[in-house]
Amino acid sequence: MNTPSQSDRIIIFDTTLRDGEQSPGATLNVDEKLAIARQLARLGVDVIEAGFPYSSPGDFEAVQKISHTVGTADGPIICGLARANRPDIKAAAEAVKPAAHHRIHTFIATSDIHLEYKLRKTRAEVKAIAADMVAYAKSFVNDVEFSPEDAIRSDPDFLYEVLEQAIAAGATTINIPDTVGYTTPTEFGALIRGIKENVPNIDQAIISVHGHNDLGLAVANFLEAVKNGARQLECTINGIGERAGNAALEELVMALHVRRQYFNPFLGRPADSEAPLTKIDTRQLYKTSRLVSTLTGMLVQPNKAIVGANAFAHESGIHQDGVLKNKLTYEIMDAQSIGLTDNQIVLGKLSGRNAFRTRLKELGFDLTDQDLNKAFVRFKELADKKKEITDWDLEAIVHDETQQA
Ligand code: KIV
Ligand code: ZN
């Protein structure tokens with residue numbers, strides 16, 4: 001039988017509602033978090049990190065509500081973040097308790113720079129705290145994840161010792177964070193390999209990775225980590241998160257999907273296997289991206305991979321000609337595979353009500369006839385002033401109209 005670390009499937013751990021919400025200006029209220037959690041469940045993520053329950057009463061309430069409503073028997077694992085101390089862990093345990101499958105994710109920094117300036121603790125103290133707090137979390141739940149924060153800048157030998165202790169104390173997932181987005185693909189792959197080779201009990205845990213995008217390398221780093229044994233990826237929708245953000249879920253999932261035959265051998269699968277590497281329903285990606293963007297107020301750049309407005313648009317005549325003859329000339333994936341329709345209808349002043357209604361439906365808006373009529377009038381007014389009406393314009397029109405109602 002395969003040990004957890006030999007799994008041939010990639011676990012998608014979504015942290016949009018925790019690390020993603022740490023994006024400056026991206027605060028979400030409880031209802032908004034719930035709406036996103038529901039959509040993440042439809043998308044098929046394995047784990048939703050729903051928040052940091054000790055950080056505020058609102059976050060506690062959100063994690064508890066999500067656990068209650070989204071954490072059903074056939075739903076995702078609901079996870080709460082906790083620093084490695086008792087009050088945090090207790091709050092996380094209480095908040096995730098209503099979920100059928102629940103996890104506590106506890107962390108403490110292991111790099112010397114964090115130990116000296118932030119924690120003011122010795123390595124021996126940190127190692128002991130990590131083991132004690134994993135054991136404490138284990139007294140509430142079976143599923144415990146441990147992260148050595150700033151792993152990438154930690155002394156690897158010390159890191160191996162901390163991980164060994166955390167697994168011995170009951171951690172079932174050990175997560176390796178590149179907290180400051182500093183690593184490179186080759187270096188990160190080597191660290192994951194080093195962990196596999198030097199942590200004696202590593203086979204009892206899943207290796208997870210978590211990374212920030214300060215140098216724009218988070219997704220590339222994760223893919224190299226997969227090749228070297230990582231089986232859980234921590235990511236966010238649209239790559240939102242602290243500073244330059246986290247690894248983008250849609251990019252990771254589509255890279256693993258489109259290039260599955262390249263990745264198959266690293267997961268011990270036959271090279272030509274067509275079986276998906278994740279449980280994600282990729283046709284829900286675009287809708288999820290739009291929802292997160294609308295509720296957080298964080299715009300998606302037009303050239304953003306997978307979900308940007310231009311990701312499936314062809315502009316130059318040469319490209320258009322090629323695509324009309326055979327899509328494969330300039331397309332490596334179908335627009336439908338992420339939930340878009342094939343032909344992009346460009347809405348302008350000559351568009352009719354039917355095209356308008358169809359586009360709104362594609363964006364997830366099902367308006368009453370009365371709301372549709374009002375929105376259509378606003379659309380025509382705007383189309384007289386603007387060459388092309390974008391999805392952003394449509395969303396703004398619908399939100400204005402439905403909020404006035
Ligand atoms: O970036 C980081 O190190 C984190 C940890 C809490 C996993 O977000
Ligand atoms: Zn992070």
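Residues are numbered from 1 along each chain as its sequence is written, and chains are lettered from A and ligands numbered from 1 in the order in which they are written. Because the model is predicted, local features need pLDDT of at least 70 and side-chain atom pairs count only at pLDDT 80 or more, whereas totals for chains, interfaces and linings use all residues.

Ligand 1 is surrounded by Asp 19, Phe 107, Ser 147, Glu 149, Pro 177, Thr 179, His 210 and His 212, a residue being near a molecule if its C-beta atom, placed from the backbone, lies within 6 Å of it. This shell comprises two nonpolar, four polar and two charged residues, where Ala, Val, Leu, Ile, Met, Phe, Trp, Tyr, Cys and Pro count as nonpolar, Asp, Glu, Lys and Arg as charged, and the others, Gly among them, as polar.

The largest nonpolar core has 99 residues, and those with the most contacts inside it are Ile 48, Ala 130, Ala 166, Phe 222 and Leu 252. Such a core is a set of buried Ala, Val, Leu, Ile, Met, Phe, Trp, Tyr and Cys residues joined through C-beta atoms within 7 Å; a residue is buried if 20 or more other C-beta atoms lie within 10 Å of its own, exposed if 12 or fewer, and partly exposed in between, with C-beta atoms placed from the backbone. Helix 5 (residues 123–138) contributes the largest share of this core, seven residues, helices being DSSP runs (H or I, at least four residues) numbered from the N terminus. Apart from this core lies another, of eight residues, among them Ala 375 and Ile 389.

Leu 119 lies in helix 4 (residues 112–119) and counts as partly exposed because it has 17 C-beta neighbours inside 10 Å.

Note on methods. Helix = DSSP H or I, 4+ residues; strand = E, 2+ residues; numbered from the N terminus.
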